[in-house]
Every structure is written in C-alpha cells, then in structure tokens.
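Dear colleague,

I am handing over the structure we talked about, and below it you will find what came out of going through it. Please keep it open beside this message as you read.

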Amino acid sequence: MSLKIEDITFTYAKGTPHETRAIDHISLEIKDGEFVGIMGRTGCGKSTLVQLADGLLTPDSGNIYLNGEDINSHDYDRNRLRRSIGMVFQFPEYQLFETTVKKDVAFGLKHHDISNEQKDLQVKEAIETMGFDYERVKNISPLVFSGGEKRRIAIAGILATRPEILILDEPVAGLDPYGREAFLKLLDEINEKGTTIMMISHNADAISEHADRVIILREGRITTDGNVVEVFSDIDDLRKNDIGIGQVNELILLLKKRGMDVPEGITRYDELLGFLERKNKEVIV
Ligand SMILES: Nc1ncnc2c1ncn2[C@@H]1O[C@H](COP(=O)(O)OP(=O)(O)O)[C@@H](O)[C@H]1O
Ligand SMILES: [Mg+2]
C-alpha cells in the first residue's frame, strides 16, 4: 500500500482576504510498513497535509496516488479510500458516543459488507490490540474510562476497520508520560504487524524513539525528510524548526560538556544506555 503525493498545493479561503497557502508544492512517498513522524511548528501545514492524504481535502494542484490510483479522480471509489486509510484526529475521545465500548468500536463497520461474525471478530481484535480485556470492557459505557483509555477506545474504532495506513494527528498530546509510553508501544506493535503509520507529534521523544523516518514541514513545504537517526543527529536543524531535540540529545550534550566522548549517531535511549554500559566496563577493567 504505497501513498504517493506529487507536487500538491492547497490554499484555504481562496479568493478572500483570509486566503492562506497551507501546502506549497509538497511531494513525498510513504512506503509500505513505514512509521513516519511528521513535525514542525504550529501552522506549518501538518494537519492539512494529512487531511489531503486522507482525501478529506482536495489539492488545488498536484496529485495523490494510493497504490498507483489517483484518489481525486472522478471514478475513484471513495469507499476504498475510507477502508485503506484510518484517520485519528486530535482528541478522538470527544467523538465517543455509543452506550457501550463494543458498539462504539463497531460503529465504523456499520456499512462494511462483511458478516456479523466477522464484524465481532474485528471489533474484539481491535479492542484487544489497544490493550483491553474484551470481555471485561465490551458492555461498559466508554464514558467511564480515563482520558487516555477513552482515546485508546476511539482508536480501536479506527483499527476495527483494519486500515492499511493509520494516520494520527497529535495522538499523545495531553497524555501523561506513563500513558504516552504505553500508547506508543501499542503503535509499535500495530506497525510491526504491518500497518503503515504516519504520526504528527510535537513530542520529540515520541518521534525519536518510535518513528523510522521523520518529515519536518516549514511554511507548507518539506524542509527535512530522512531517517530518524539522521534527523535527530542534526540538532541545529531541529532547533531551527522549533522542535525539541529530545531527552537523549539533551543527555548527550551534558555528557559531552563533562568531557565524555560520545559517538555520533546515537538518538535512542537503548543505544545511549548500551554505550554507557560499555564505557562503565572499560573503567572497571
Ligand atoms: N480551516 C481553516 N481555514 C483557514 N485557514 C486554516 C484552516 N485550517 C488551517 N488553516 C491555516 O493553514 C495553515 C496550516 O495549518 P495546519 O495544517 O492546521 O497546521 P499545523 O497542523 O501544522 O499546525 C495555518 O496558517 C493555519 O492558520
Ligand atoms: Mg495541526
């Protein structure tokens, strides 16, 4: 399931005094199975870009291809697009409204042409994937859960439709550090099972620890697109885009200040810990 975006532009409120060019000639390709982090300061076009990718907005110019097919052509089957791409908006928990968790998660399957048994199976699987005991939660109102749990229930509703690409707009905003880490681990598992993930986040640690590739937008254009290690090794570039450099980089800077020779290319906790453990052994020997 490849998503190819070719030279798209998008302007809000065209022809009015409020006209805003939100996307300015963006091209990119998302490959099967990637976990892509999308970053950049507020207003740079992140949410607009993913809404274009999901077909909710139509570009002024340029094309978007899903598996080689133009999603904005007249004869493209919009239902197929809905089934291929799952979109999680900011604060999805506000959209919970059914009387039970099971009904809420099943909502998106209403018009899917599959048997009830198959629907139940997909609902159960999605609820379990999001870390719940299905039998315990299925008949409870989603409203009794905590904020982080509600968000996981809302995302289960998207997963139940088994999208091939999952797009999340600021999914960890407002979660406490424990809830955030638990949530990101679930995303890793979903990605490992084959779902492509595009995640918008301001949280440098969330991106540096979980994404494979990072795209940074600036004023509607792509300013950086690369492997997570490359992007998080370039501290000047992160700072230029008002992106936090992440706790691992902060620690490395402190260690370097104290005179420790930390090798280049370390951007994740386990790598930094591995290095420190080796260093520790050298000192003892
Ligand atoms: N519905 C809208 N109407 C008019 N302008 C908008 C609308 N949504 C976003 N914009 C403008 O488009 C630009 C990109 O916004 P957005 O994609 O929301 O950025 P981000 O998600 O990176 O914060 C900003 O200048 C923003 O003010
Ligand atoms: Mg946004």
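Serine 208 touches Val228, Phe232, Thr267 and Arg268, leaving aside residues up to four places away in sequence, where contact means heavy atoms within 4.5 Å. This serine 208 lies in helix H8, residues 204-210, helices being DSSP runs (H or I) of at least four residues and strands runs (E) of at least two, numbered from the N terminus. Serine 208 counts as buried because its relative accessibility is 3%; buried means under 20% relative accessible area, exposed over 50%, and partly exposed in between, with a 1.4 Å probe and protein chains only.

Please bear in mind that this is a predicted model, in which local features need pLDDT of at least 70 and side-chain atom pairs count only at pLDDT 80 or more, while totals for chains, interfaces and linings use all residues. Residues are numbered from 1 along each chain as its sequence is written, chains are lettered from A and ligands numbered from 1 in the order in which they are written, and side-chain values use heavy atoms, with hydrogens and water left out.

The chain is divided into domain 1 (3-245) and domain 2 (246-285), with bounds that come from an automatic or database domain assignment. Between them, 15 residues of domain 1 are in contact with ten residues of domain 2. The two domains bury about 1,000 Å² between them, 45% of it on carbon and sulfur atoms; buried area is the accessible area (1.4 Å probe) that two parts lose on being put together, summed over both. On the side of domain 1, Asp205, Glu209 and Ile245 lose the most area to domain 2, together 51% of what that side buries. How many salt bridges are there between domain 1 and domain 2? The count is zero, a salt bridge being a side-chain nitrogen of Lys or Arg within 4 Å of a carboxyl oxygen of Asp or Glu.

Over the whole structure, however, a search finds 16 salt bridges. In one of them, lysine 14 pairs with aspartate 60, the closest N and O atoms being 3.7 Å apart. This pair links distant parts of the chain, 46 residues apart, with lysine 14 in the loop between strands E1 (3-12) and E2 (20-30) and aspartate 60 in the loop between helix H1 (46-53) and strand E4 (61-66). Lysine 14 counts as exposed because its relative accessibility is 54%, whereas aspartate 60, at 35%, is partly exposed.

With best wishes
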